[in-house]
Amino acid sequence: MSGTFVGMPAFPKAAHEAVNNQTLRGNLRHATHTIRGKREKAVAELADWAELREAGKRIKDHTLRHLDRYLVQLEESVTAAGGIVHWAADADEANRIVIDLVRMTGESEVVKVKSMATQEIGLNEALEAEGIAAYETDLAELIVQLGKDRPSHILVPAIHRNRGEIRDIFAREMSEWGRPAPEGLTDTPAELAEAARLHLREKFLRAKVGVSGANFMVADTGTLVVVESEGNGRMCLTLPETLISVVGIEKIVPTWRDLEVFLQTLPRSSTAERMNPYTSTWTGTTDGDGPQTFHLVLIDNGRTDTLADEVGRQALRCIRCSACLNVCPVYERAGGHAYGSVYPGPIGAILSPQLRGIASEIDASLPYASSLCGACYEVCPVAIDIPEVLVHLRERVVEGGPVTREGNKVVLKPAKGHAAERAAMRAARWAFSHPGALRTGQRLASRTRRFHPRTLPGPGKAWSATRDLPPVPAEPFRDWWQRTDGGKDTTK
Ligand code: SF4
C-alpha cells in the first residue's frame with residue numbers, strides 16, 4: 001500500500017533533494033503551468049467571481065462560527081434519514097471506528113473514493129494492518145497506490161509522474177492487485193485509462209463496502225456531496241451494500257442554497273471546468289436503492305484546536321481545490337512530498353502545523369515553506385489569507401506562546417534552531433519602541449553604508465547567500481521628511 005509521511009525530514013532538506021530531481025521538476029512545471037492557465041480563463045468567464053469568492057468566505061466563516069449548532073443539526077438530519085453518525089476525536093479513534101464497521105460486515109476488502117480525510121488519518125495503512133485491503137479507485141490515487149508511492153498534490157496525487165512512469169507501474173503492479181494490465185500497454189492516455197477502467201471494474205462489482213470522504217455536508221438535510229471528474233467515486237457510492245463516509249467536521253454548509261456558490265467556484269478553481277462532470281449526493285439510506293447501511297464518521301483531529309486560533313482558523317475554510325498549489329513557485333520546484341503531509345503546497349504549509357502542532361521538525365519548518373509572494377491568496381476561492389497565517393505561524397515557531405491542543409490551553413516553547421531569528425526580532429521590537437535609538441541607528445547605518453558587507457556573517461550567512469541585501473539610503477527617510485517638509489520644499 002502507499003507509503004506514509006512518518007519520519008520525513010524537515011522541509012528544507014526534503015525540498016533540496018526534490019529540486020535536484022530534473023524529471024520531477026519537469027513533470028511539475030508542465031502540469032502546474034497547464035492547469036493554472038486554464039483556471040485563469042475559467043475564472044475570467046464569470047463576471048461575479050469576486051462576489052462568489054466573498055460569498056464562499058462568508059458562508060464558511062458563518063458555519064465555522066456556529067459549528068457546534070450545525071454539527072448537531074447534521075447528526076439529527078443524517079439519523080432521521082437512516083444513517084448512523086460516529087464521532088472521532090483523532091485519527092486513531094476514526095481508524096478504529098472504520099475497522100470495526102468493516103469487521104461487522106464480515107468483509108475483508110473495501111473500495112475507496114478519493115478522500116483527503118482518510119489519507120490524513122492513514123486509514124489505508126490502518127486497514128491493512130488489520131488484514132483489510134483498501135482499493136483506491138480514483139485514477140491518480142490508483143497510480144500512487146500501485147506505485148507504493150505517496151500523494152504529492154491534493155487534486156492530482158500522481159502529478160509527479162509522467163505517462164511513461166505510469167505505464168511502467170501499471171505493467172509491473174496491476175497483476176499483484178487483480179486484473180493485469182493488457183499486453184503491449186503503451187503510454188497513450190486512452191490506453192492507460194482503459195487499463196485502469198478494466199482493472200477497477202472487477203473491484204467495483206465485487207466490493208460490498210465502500211469508503212468515501214465528502215466535499216460538503218448539508219446540515220439541514222443530512223446530505224453528503226462528492227464532486228469528481230471520472231465517475232469512479234459514484235460507482236463506489238452506489239454499488240456497495242455498506243457505505244462509510246469519513247469527513248472532517250469543517251466540511252459542513254448550512255443549506256443546499258449555499259452549495260450553489262461552491263459548485264461554481266470549486267470546479268473552476270481546481271480543474272478549470274465550468275461544472276464537475278459528476279456531482280453525487282446521498283442522504284441516509286433508501287430501500288432498494290444504493291447502499292442499505294450508511295455510516296458517517298465525523299473527525300476532529302485538530303480542527304477544533306485550529307478553530308480556537310483567531311488568525312489560523314481561516315485555514316478551515318479550505319475547499320481543497322488546489323489552486324494555491326498550482327500557482328506556488330515553491331511547490332512548483334519542491335514538489336508535494338517535501339511538505340511531509342497529505343496536504344502539500346501553501347494550504348499544507350498552514351494546515352498541517354495547525355492540525356498536528358509544531359512539535360516535530362517538519363511541522364515547525366512548514367510555515368517557512370513559502371516566499372510570501374501572495375499568489376496563493378490571489379487565487380483562493382474562499383479568500384484564505386495564507387501569507388497572513390504563515391507569518392502568524394512563524395511567530396509561533398520562533399516565540400512559542402499560548403495555543404489550544406486537544407481542547408486545553410497550553411503554552412508552547414519556541415522551536416529549536418531559531419535563536420538568531422528570535423534575537424533579531426526582539427532587537428527590532430526594542431528599536432521600534434525607542435524612537436531616539438532607532439534614529440541614531442539609522443543615521444549611523446547611513447553614514448557607514450560604504451563599509452557594509454554584501455553578505456551577513458554568522459547565522460545570517462545562509463539567509464543572505466540567496467538574497468540581495470537592500471542598500472541603505474544616504475539619508476534616513478525621517479531626516480529627509482523633516483528637512484524637506486514632507487517633500488514640499490525641494491530647495492533643501
Ligand atoms: S487554500 Fe484556497 S486555493 Fe488552496 S486548496 Fe484551499 S480553497 Fe483552494
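Biologist: Why does Asp149 count as buried?

Modeller: In this predicted model, Asp149 has 11% relative accessibility. Buried means under 20%, so Asp149 counts as buried.

Biologist: What makes Asp149 and Arg161 a salt bridge?

Modeller: Their closest N and O atoms are 3.0 Å apart. The cut-off is within 4 Å, so the pair qualifies. Asp149 and Arg161 both lie in the loop between α8 (139-146) and α9 (163-177), so the pair ties together parts that are twelve residues apart in sequence.

Biologist: Why is Arg161 called partly exposed?

Modeller: Arg161 has a relative accessible area of 25%.

Biologist: What do Arg29 and Glu332 tie together?

Modeller: The side chains of Arg29 and Glu332 meet in a salt bridge at 3.4 Å, N to O. Arg29 sits in helix α2 (residues 22-44) and Glu332 in helix α15, so the bridge ties together parts that are 303 residues apart in sequence.

Biologist: Is Glu332 buried or exposed?

Modeller: Glu332 has a relative accessible area of 7%. With buried set at under 20%, Glu332 is therefore buried. Arg29, at 46% relative accessibility, counts as partly exposed.

Definitions and conventions:
Residues numbered from 1 in each chain as written. Predicted model: local features only at pLDDT ≥ 70, side-chain atom pairs only at ≥ 80, totals over all residues. Heavy atoms only, no water. Helix = DSSP H or I, 4+ residues; strand = E, 2+ residues; numbered from the N terminus. Buried < 20%, exposed > 50% of the residue type's maximum accessible area, 1.4 Å probe, protein only.
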